[in-house]
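Please look over the sequence and the structure before reading on.

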Amino acid sequence: EKEKENKITQCTKCLISIASSEPLLFFHTISNSDEYQRITIKILIQLLKLYSTTLTNCLPELTETILRPLNPSNLSFRDELILDTTEAIRELVLRFPQVNQIK
C-alpha cells in the first residue's frame with residue numbers, strides 16, 4: 001500500500017511538472033478524458049497553489065477545464081465531482097481575485 005501511494009505521488013509530481021511547463025498542452029490533453037477528471041481536478045488544485053503565476057496567460061483554458069465537470073448534461077458525473085470542482089473554483093478565485101470582479 002505504501003509503495004502504491006509513493007508511485008501515485010511520483011506520478012502526480014510528474015504531471016504537475018509537465019503542466020507547469022506546458023499548461024496549454026496539459027489542459028488540452030486532460031480535457032479530453034472524463035475517466036480521469038477527479039485526478040485532473042486534484043492536479044489543477046495543486047497547480048493553482050504552486051504555479052499560479054505561470055497560469056495567468058491560460059486563465060480561459062484553466063477555467064474551462066475546472067468548470068467542465070459541472071456540465072448539467074451528465075448529472076451523475078457532476079454529482080461525483082462537485083466537491084473537488086468547488087475546491088478548484090475556490091483556489092482559482094483565491095489566486096486570481098480579479099476573475100471574481102469581472103463584470
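## Surface and charge

The model described here is a predicted one.

The protein carries 12 positive and 13 negative charges.

## Confidence of the prediction

The mean pLDDT of the protein is 83, and 91% of its residues reach 70 or more. Among the elements, helix α5, which covers residues 75–95, has the highest mean pLDDT, at 91. The lowest mean value, 67, belongs to helix α6, made up of residues 97–100. Where pLDDT is low, the predicted coordinates should not be read in detail.

## Overall architecture

The protein contains 6 helices and 0 strands. Read along the sequence, its pattern is therefore written α-α-α-α-α-α.

Along the principal axes, the C-alpha atoms fill a box of roughly 50 × 35 × 20 Å. The radius of gyration is 14 Å, which agrees with the value near 13 Å that a compact globule of 103 residues would have. Of the 103 residues, 32% count as buried. Among contacts with a separation of 6 or more, 68% are accounted for by residues 24 or more positions apart.

Helix α3 spans residues 37–51 and includes threonine 40. Is threonine 40 buried or exposed? Its relative accessible area is 5%, and because buried means under 20%, threonine 40 is buried. With neighbours within four places in sequence left aside, threonine 40 is in contact with Ile30 and Thr65.

Isoleucine 45 also lies in helix α3. Its relative accessible area is 3%, so isoleucine 45 falls under the 20% limit and is likewise buried. Which residues does isoleucine 45 touch, not counting those up to four places away in sequence? They are Asp84, Glu87, Ala88 and Glu91. Each of these four positions falls within the range 75–95 given for helix α5.

Isoleucine 45 can also be placed relative to proline 97. The two are 52 residues apart in sequence, and their C-alpha atoms are 16 Å apart in space.

How values were computed
Residues are numbered from 1 along each chain as its sequence is written. This is a predicted model: local features need pLDDT of at least 70, side-chain atom pairs count only at pLDDT 80 or more; totals for chains, interfaces and linings use all residues. Side-chain values use heavy atoms; hydrogens and water are left out. Helices (H or I, at least four residues) and strands (E, at least two) are DSSP runs, numbered from the N terminus. The radius of gyration is taken over C-alpha atoms; the globule rule is 2.2 Å times the number of residues to the power 0.38. Buried means under 20% relative accessible area, exposed over 50%, partly exposed in between (1.4 Å probe, protein chains only). Contact means heavy atoms within 4.5 Å. Lys and Arg count as positive and Asp and Glu as negative; His and the chain ends are not counted. The place of a charge is taken as NZ of Lys, CZ of Arg, CG of Asp or CD of Glu. pLDDT is the predictor's confidence in each residue, from 0 to 100.
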